[in-house]
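Please study the sequence and the structure shown below. The explanation that follows leads from the chain as a whole to some of its individual parts.

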Amino acid sequence: MAEINTNIILDGITLALRKAFPDSMITSNEVKQGLNVPAFIVRMVSFQTQAHPMQRHKNLPRFDIIYFPKAEREECYSVSDKLCKLLEVIALPSGDKVRGVDMSSEITDDALHFFISYNHFVYAPYYDTTMYELKIKQGEANEG
């Protein structure tokens, strides 16, 4: 299994969206003006991490996939249904797969907000600085 991080998950989401919605604009950057609809903007809205035994951390990134429809609100309903199936398991650029959890959606100002989390474990090696700090105090540390 390759390393998984937030940027790689973001790439996996946008790749899945591009494949399913080839005629839509898809970005993870802020669009100040000139948004061509239909369009998706993918953003991470929160991130938590939890320490676990054996030098592991559980990362809990939550994403908001904002959809701007070409037509009316009814289009948002069908896109929400499609996103539930499409993003439940995504393939990452490395070929690994990750499962989405805690899916929800809402429509605000005629735009669909589809929320999903891709929780995953990462290896977080423990670095013992005690001996290094002791050597610094004694003037024995070799910095360079």
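The accessible surface of the chain comes to about 9,400 Å², and carbon and sulfur atoms account for 50% of that surface. The model is a predicted one. Of the 144 residues in the chain, 32% are buried.

The chain contains three helices and eight strands.

Which residues of H2 are buried? They are Cys-76, Val-79, Ser-80 and Leu-83. Viewed down the axis of H2, the buried residues fall within an arc of 110 degrees, and therefore they line one face of the helix. On the face of H2 turned away from the buried side, one finds the exposed residues Glu-74 and Lys-85. The buried residues of H2, in turn, pack against several other elements, namely helix H1 (6-20) and the strands S2 (39-52), S3 (56-68), S6 (101-108) and S7 (111-117).

Attention may now turn to charged side chains. The structure holds three salt bridges. One of them joins Asp-64 to Arg-43, with 3.9 Å between the closest N and O atoms. Because Asp-64 belongs to strand S3 and Arg-43 to strand S2, this pair ties together parts that are 21 residues apart in sequence. Are the two partners buried or partly exposed? Asp-64 has a relative accessibility of 3% and so counts as buried, whereas Arg-43, at 41%, counts as partly exposed.

Another salt bridge is formed by Arg-73 and Asp-110, whose closest N and O atoms are 3.6 Å apart. This pair links distant parts of the chain, since Arg-73 lies in helix H2 and Asp-110 in the loop between S6 and S7, 37 residues apart. Arg-73 is partly exposed, with a relative accessible area of 34%, and Asp-110 is partly exposed as well, with a value of 47%.

A further salt bridge connects Glu-88 with Arg-99, and here the closest N and O atoms are 3.2 Å apart. Glu-88 is located in the loop between H2 and strand S4 (89-91), while Arg-99 is in strand S5 (residues 97-99); the pair thus links parts of the chain 11 residues apart. Glu-88 is partly exposed, its relative accessible area being 36%, and Arg-99 is partly exposed too, at 48%.

The last stop is a loop. Pro-93 is found in the loop between S4 and S5. Where the sequence separates Pro-93 from Asp-11 by 82 residues, their C-alpha atoms are 7.1 Å apart in space. Which residues does Pro-93 contact, leaving aside its neighbours within four places in sequence? Pro-93 is in contact with Ile-8, Asp-11, Gly-12 and Leu-15.

Technical notes:
Residues numbered from 1 in each chain as written. Predicted model: local features only at pLDDT ≥ 70, side-chain atom pairs only at ≥ 80, totals over all residues. Heavy atoms only, no water. Helix = DSSP H or I, 4+ residues; strand = E, 2+ residues; numbered from the N terminus. Buried < 20%, exposed > 50% of the residue type's maximum accessible area, 1.4 Å probe, protein only. Areas by Shrake-Rupley, 256 points an atom, 1.4 Å probe, with all protein chains shown as cover. Arc of directions from axis to C-beta. Contact = heavy atoms within 4.5 Å. Salt bridge = Lys/Arg side-chain N within 4 Å of Asp/Glu carboxyl O.
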